[in-house]
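Student: Could you take one part of this model and walk me through it closely, in a connected way?

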Amino acid sequence: MTGTIKRGVSLYSFQNETFLGKMTLEDFIRTCAEMGATGIEVIGEQTFWGWPEQPVPENKITDWHALMTKYGTVPVAHDAMLDYKRYNGRVMALDEQVASMKRDIDFAAALGMRFVRSLVSVSPEVLVASAPHAEEKGIKILLEVHAPLHFDHPWIVRHAEAYEKSGSGALGFLPDMGMFLHRFPPVWKERFIRNGAPRHIADYIEKAYEDRTLSEYIVMNVREMGGEGAAMAMAETLRHNAAYEPKRMLDFMGRIHNVHGKFYEMTEDLVEPSIPYDEIVQVLKQGGYSGYICSEYEGNRWIEDAHPVESVEQVRRQQAMLARLIDEPVATTNSSARAA
Amino acid sequence: MFDQHMICEDTVANVAENGAAIGFSFGARLPYYRGLGLSMVEDVAVTLDGEAIPREAVRLTLRGRTWTLDEMENEHGDRWNFGEVATVTVLQDGGLSAGEHRLELAERMRISYLPFVPTTRCVKTISLAA
């Protein structure tokens, strides 16, 4: 199975450069190709202005395909945003949500994508009702399993059961590796300190997280230490993040078709300090995963107040790490016991 | 995120009609990793030198189209795109006086999947030449 995992990039990674107009779509595609990351994922509305309120002009779709051909890249996923609170004062009805999902499926198909990413909060009823249309278009709808949700959460279990009951192969999962937050990210800690969190409280939170202390106890303790404002905000991040186990993906491998390589920081020696990519890639190999891991750099928001944002260099480092981990042989040390 | 890019401070200018200043305008962005359909932009609150501008006095212009904030709530056919600079106009007789001002912008967004309604603020000291 070695070497079958493929590398890609979600252009979400370059949100800083996109927002400020520093790089063009062609710059991004060329940059990804140069890194050997041949799979391209987009948040459709980020890359194509107007979507979904307005249709994307035909020439933009043509340009997209021309870029894929020119740089030898492959469209992987369109991340849809089902804005079910679009109308003031009411949530969209089931049929409206399904209609919205179908439009995103058509858009993804026009871009040559294999997958539509559904936000985790979309209900199984919407996805199951959209599945026949997805099948017709050759698209799979993947629910993004994202912290604070995880594979043992009842909401995800409900989705998994609904997918099995539907019998459709067009429904699956897209796990975001941020749910395997094994250490408190150093860039988060430093930002909260710059925002005013006392260092001794920040040190306590980091250590308590490493000890796997229940988040509610940490929040209470920080309050008792006199924490307020930034210190409380730092403690409360633990209500939305946890160190779940990568091996929990193994039970769902048949429906996992894309992976978000979320990361907050890549150090110069090619390490993500908070997310255990060595373990993650081993689990994916063990599960026979052969899809893409798409880089999702989310460090910009944590450093933009104090440091230049260097998304391209950050993604380059993660891609180098992934290339090394993907090429490593599968671990033979009691891996079956770990899966049990 | 992108808080410091919400107000484009170099774009502040008085708005004149028939030779008289009827207000002032500036370029503004949404502080998020997405754009947003206009019906989901709940508020664009402007505070000038510590005084809140009434909601009715604020207009938003994108690509030649202009909305009041109430009109935006029912606009389902257009959006404030990711990184797109909109023009925020504040109707205020006489516009801005020359010199330094403290301009604050707070944007409230209704994001379907977030368990809260985020409001992000940006404060800039702006300067208008005499």
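Tutor: A residue is called buried if 20 or more other C-beta atoms, placed from the backbone, lie within 10 Å of its own, exposed if 12 or fewer do, and partly exposed in between. This is a predicted model, in which local features need pLDDT of at least 70, side-chain atom pairs count only at pLDDT 80 or more, and totals for chains, interfaces and linings use all residues. Residues are numbered from 1 along each chain as its sequence is written, and chains are lettered from A and ligands numbered from 1 in the order in which they are written.

Let us look at helix 2 of chain A, residues 25-34, where helices (H or I, at least four residues) and strands (E, at least two) are DSSP runs numbered from the N terminus. Its buried residues are F28(A), I29(A), T31(A) and C32(A). Viewed down the axis of helix 2 of chain A, these buried residues fall within an arc of 160 degrees, so they line one face of the helix; the arc is that of the directions from the helix axis to the C-beta atoms. The cover over the buried residues of helix 2 of chain A includes strand 1 (6-10), strand 2 (39-42), helix 4 (58-71) and helix 14 (311-327) of chain A, with contact meaning C-beta atoms within 7 Å. Just after helix 2 of chain A comes G36(A), which takes a positive phi of about 80 degrees.

Helix 5 of chain A is followed by G112(A), whose phi is positive, near 80 degrees.

Technical notes
Two residues are in contact if their C-beta atoms, placed from the backbone, lie within 7 Å.
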